[in-house]
Structures are given as structure tokens and as C-alpha cells.
Amino acid sequence: MRQALAEAEAAPGTGDVPVGAVLLGPGGSRGPVLARARNEREATGDPTAHAEVLALRAAASSSGAWRLTGCTLVVTLEPCAMCAGAAVLSRVERVVYGAIDPKAGAAGSLWDVLRDRRVNHRPEVIPGVLAAECAAPLTAFFRARDTDCRPTPGVG
């Protein structure tokens, strides 16, 4: 999670919401780092450039396979519906996240895409890892922007 936090810290320089993700290869927390990413929607003008999607894309590209079986996706904020869906479709073994997102979270807060019995693959979900540390940069980012259109990261 600390590596994902380091990625998140680089995002505000581009105007992006500070969310970071790391994809670990098989072996759980001891698996090799296959990809690192941070939100890049503002930097690239791509609405799908969430940290999770970028990390999954990079790992699939470097491995030459879209199935990321045995891998762990670590992200600082609870994945949204798009990112949770991408995790399911990529067949990651587990998703670990820090801060909860009650406005857009799809790993148990608002929706639970990752554990929905109707989908063909259900990764293990480990919520709340370093939750307060993960929520802090998000809170600071949105306070600095002083906007009403912001997710409210909670501390799990």
C-alpha cells in the first residue's frame, strides 16, 4: 500500500485526484511489482484513466496476457464500478484498498461488484488497509479545490 500511496502523491501535480495503484504478481504481498499507476484523467483527457485501469493495462501489456490470475491489485481508494469491473474481467485474485468511497465505491460501500454472485469471477477483497493514510491526501486535495463535486473518502 505504501507504494500505491507514493503513486497517489504524484497525481495532484497534474490536477488529478490522488489515487495510486500497484499490481503485484502471484505471491500475494510478496509478489513482484508488475505495474504502478496513478490517476491520469486530467493529464491525458481520458475518462477511463483511473489508477486501477492503468495498472491492469500495463501489467497485461508487459505480460502479454489479459488474464492476471494470481495477481493482487492494491489501490489507495475503493474502486469505482468501472475499476471493479476491470478487476473482475482481468481475473485478479484479490483487491486490497485503503480508503472507502461511499459515493462511488463498488467494493462494498455503494455497490459490491467484486463479490456479486452473478459475475463469473470474484476476487478476494481486503478493505481498509492504511485507510487513514490513504484518505488524507484525498481530503487535502478536495479541500484545496473546495469543490462540491467530490467523492467523500471514508476511513474504514
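**Notebook: helices and single residues**

**Entry 1: helix α3.** I began with α3, where Ala51, Glu52, Val53, Leu54, Ala55, Leu56 and Ala59 are buried. Buried here means under 20% relative accessible area, exposed means over 50%, and partly exposed lies in between, with a 1.4 Å probe and protein chains only. I note that this is a predicted model, in which local features need pLDDT of at least 70 and side-chain atom pairs count only at pLDDT 80 or more, while totals for chains, interfaces and linings use all residues. Residues are numbered from 1 along each chain as its sequence is written, and side-chain values use heavy atoms, with hydrogens and water left out.

The names of the elements come from DSSP runs, numbered from the N terminus: helices are H or I with at least four residues, and strands are E with at least two. I looked up what covers the buried residues of α3, and the cover includes β1 (20-24), β2 (33-38), β3 and α4. I then checked the length of α3. This helix has 13 residues and reaches 18 Å from its first C-alpha to its last, close to the 18 Å expected at 1.5 Å a residue. The expected span is 1.5 Å times one less than the number of residues. Just after α3, I found Gly64 with a positive phi of about 75 degrees.

**Entry 2: α3 against α4.** How do α3 and α4 pack, and at what angle? Helix α3 (residues 51-63) and helix α4 (residues 81-90) pack at about 25 degrees, and their axes are 8 Å apart. That angle makes α3 roughly parallel to α4. Under 35 degrees counts as roughly parallel, over 145 as roughly antiparallel, 65 to 115 as roughly perpendicular, and the rest as oblique. The axes are lines fitted to C-alpha atoms, for helices over the stretch in contact, and the angles run from 0 to 180 degrees between N-to-C directions.

I noted the crossing of α3 and α4 as left-handed; that is, the near helix is turned anticlockwise from the far one by less than a right angle, whereas clockwise would be right-handed. From α3, Glu52, Val53 and Leu56 meet Met82, Cys83, Ala86, Ala87 and Ser90 of α4. Contact means heavy atoms within 4.5 Å.

Entry 3: In α4, I listed Cys83, Ala84, Gly85, Ala87, Val88 and Ser90 as buried. Their cover includes α3, β3 and β4. Arg91 sits in the loop between α4 and β4. Arg91 has a positive phi of about 65 degrees although it is not a glycine.

Leaving aside neighbours within four places in sequence, His121 is in contact with Val88, Arg91, Val92 and Leu114. With a relative accessible area of 19%, His121 is buried.

**Entry 4: helix α5.** I did the length check again, on α5 (residues 131-145). Its 15 residues should span 21 Å at 1.5 Å a residue, and the end C-alpha atoms are 22 Å apart, which agrees. Which residues of α5 are buried? They are Ala131, Cys134, Ala135, Leu138, Phe141 and Phe142. Seen down the axis of α5, these buried residues fall within an arc of 125 degrees, so they line one face of the helix. The arc is that of the directions from the helix axis to the C-beta atoms.

On the other side of α5, I found Arg143 and Ala144 exposed. The cover over the buried residues of α5 includes α1 (2-10), β3 (72-77) and β4 (94-99).

Leu130 is in the loop between β5 (124-126) and α5; Leu130 has a positive phi of about 50 degrees although it is not a glycine. At 28% relative accessibility, Leu130 counts as partly exposed. Just after α5, Asp146 takes a positive phi of about 45 degrees.

Entry 5: Is Gly20 buried or exposed? Gly20, in strand β1, has a relative accessible area of 0% and is buried. Not counting residues up to four places away in sequence, Gly20 touches Ala4, Glu7, Ala8, Ala37, Arg38, Ala51, Val74, Val75 and Thr76. For one of these, Ala37, I noted a C-alpha separation from Gly20 of 5.8 Å, at 17 residues apart along the chain.

Glu42 lies in helix α2 (residues 41-44) and counts as exposed at 53% relative accessibility. Beyond its neighbours within four places in sequence, Glu42 is in contact with Thr14, Gly15 and Asp16. The C-alpha atoms of Glu42 and Gly15 are separated by 6.1 Å, with the two residues 27 apart along the chain.
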